Amino acid sequence: MKLSLAVTGLLVLLVSASCHAITLKLDPEIDLLVLDGRKISGSLLKGADSLELERGQHQFLFRVEKPGSDATHFQSVPMIVTFNANASSVAIRLPSLDNRRERNAFDKALNFQLIDERGNEIASVRDRLPKESDSDLEKAMVNYNRNAQAASVPRFALQSASLPDAKLDLDFAWQDAGDLPSLQRWFERFDAATRQRFISWMKTLRAS
């Protein structure tokens with residue numbers, strides 16, 4: 001009975017969240033590393049062309065990779081962008097990166113655009129992750145957000161520190177329901193704040 005209520009609650013929560021969500025469109029050349037202070041799992045993004053986010057302020061750490069031979073493979077510096085959006089979708093539009101001059105200019109100028117569903121540019125603050133940053137990117141972003149940098153969001157540092165890495169996979173929610181993998185994958189498409197609210201609600205239900 002509790003599992004049934006939990007699944008119903010999840011559906012209500014996620015449908016409600018989707019009505020007030022932003023679709024983040026994922027370009028295959030963009031490697032999303034940290035979102036709102038939380039490291040992004042490769043398994044979460046595998047095969048996905050978008051993620052659902054709550055409307056409001058967000059912060060991405062990402063880099064651009066253009067595969068090629070050893071001489072032509074390009075990997076940008078890790079870039080940070082912070083923005084507030086009230087749009088239906090958000091995408092990162094990249095400039096031409098076909099030669100060394102364009103790629104060097106991109107690393108220095110961070111000349112990408114954040115655009116909405118109409119192609120209009122969304123105001124944003126950009127920065128690059130300091131070269132001396134910790135190799136643990138989530139920890140590096142916690143430090144960045146604590147240090148009043150150009151694109152810092154202090155609450156993302158607090159959020160990351162206060163939420164243990166609880167895997168956010170809801171194994172406890174359907175440990176006896178092996179027929180729900182698709183629902184779990186849907187759950188994983190939502191941002192950490194939405195998932196954490198459901199986990200908190202689920203813990204309360206299980207304790208009652």
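## Exercises on a predicted model

The predicted model holds an open sheet of four strands, ordered β4-β1-β8-β9, with mixed pairing.

**Exercise 1.** Find which strands form the edges of this sheet, and state by how many degrees neighbouring strands are turned on average.

*Solution.*
- Step 1. Look for strands that pair on one side only.
- Step 2. These are β4 (50-54) and β9 (113-116).
- Step 3. Ignoring direction, neighbouring strands are turned by 30 degrees against each other on average.

**Exercise 2.** Determine how strands β1 and β8 run and how many bridges join them.

*Solution.*
- Step 1. Take β1 as residues 21-25 and β8 as residues 89-93.
- Step 2. The two strands run parallel, and two bridges join them.
- Step 3. T23 stands opposite S89 in β8.

**Exercise 3.** Describe the largest nonpolar core: its residue count and the residues with the most contacts inside it.

*Solution.*
- Step 1. The core has 25 residues.
- Step 2. Most contacts inside it belong to F60, F62, V64, V90, I92, F106 and F112.
- Step 3. Two or more residues each come from β1, β2 (30-35), β4, β5 (56-66), β7 (79-85) and β8.
- Step 4. β7 gives the largest share, four residues.
- Step 5. Now take F60, leaving aside neighbours within four places in sequence: its contacts include L24, L53, F83 and I92.
- Step 6. Another core lies apart from the largest one; it has nine residues, among them L33, M141, Y144 and A151.

**Exercise 4.** What percentage of the 208 residues is buried?

*Solution.*
- Step 1. Count a residue as buried under 20% relative accessible area.
- Step 2. Buried residues make up 44% of the protein chain.

Terms used. Residues are numbered from 1 along each chain as its sequence is written. This is a predicted model: local features need pLDDT of at least 70, side-chain atom pairs count only at pLDDT 80 or more; totals for chains, interfaces and linings use all residues. Side-chain values use heavy atoms; hydrogens and water are left out. Two strands pair if DSSP finds at least two bridges between them. Axes are lines fitted to C-alpha atoms, for helices over the stretch in contact, and angles run from 0 to 180 degrees between N-to-C directions. Buried means under 20% relative accessible area, exposed over 50%, partly exposed in between (1.4 Å probe, protein chains only). A nonpolar core is a set of buried Ala, Val, Leu, Ile, Met, Phe, Trp, Tyr and Cys residues joined through side-chain atoms within 4.5 Å. Contact means heavy atoms within 4.5 Å.
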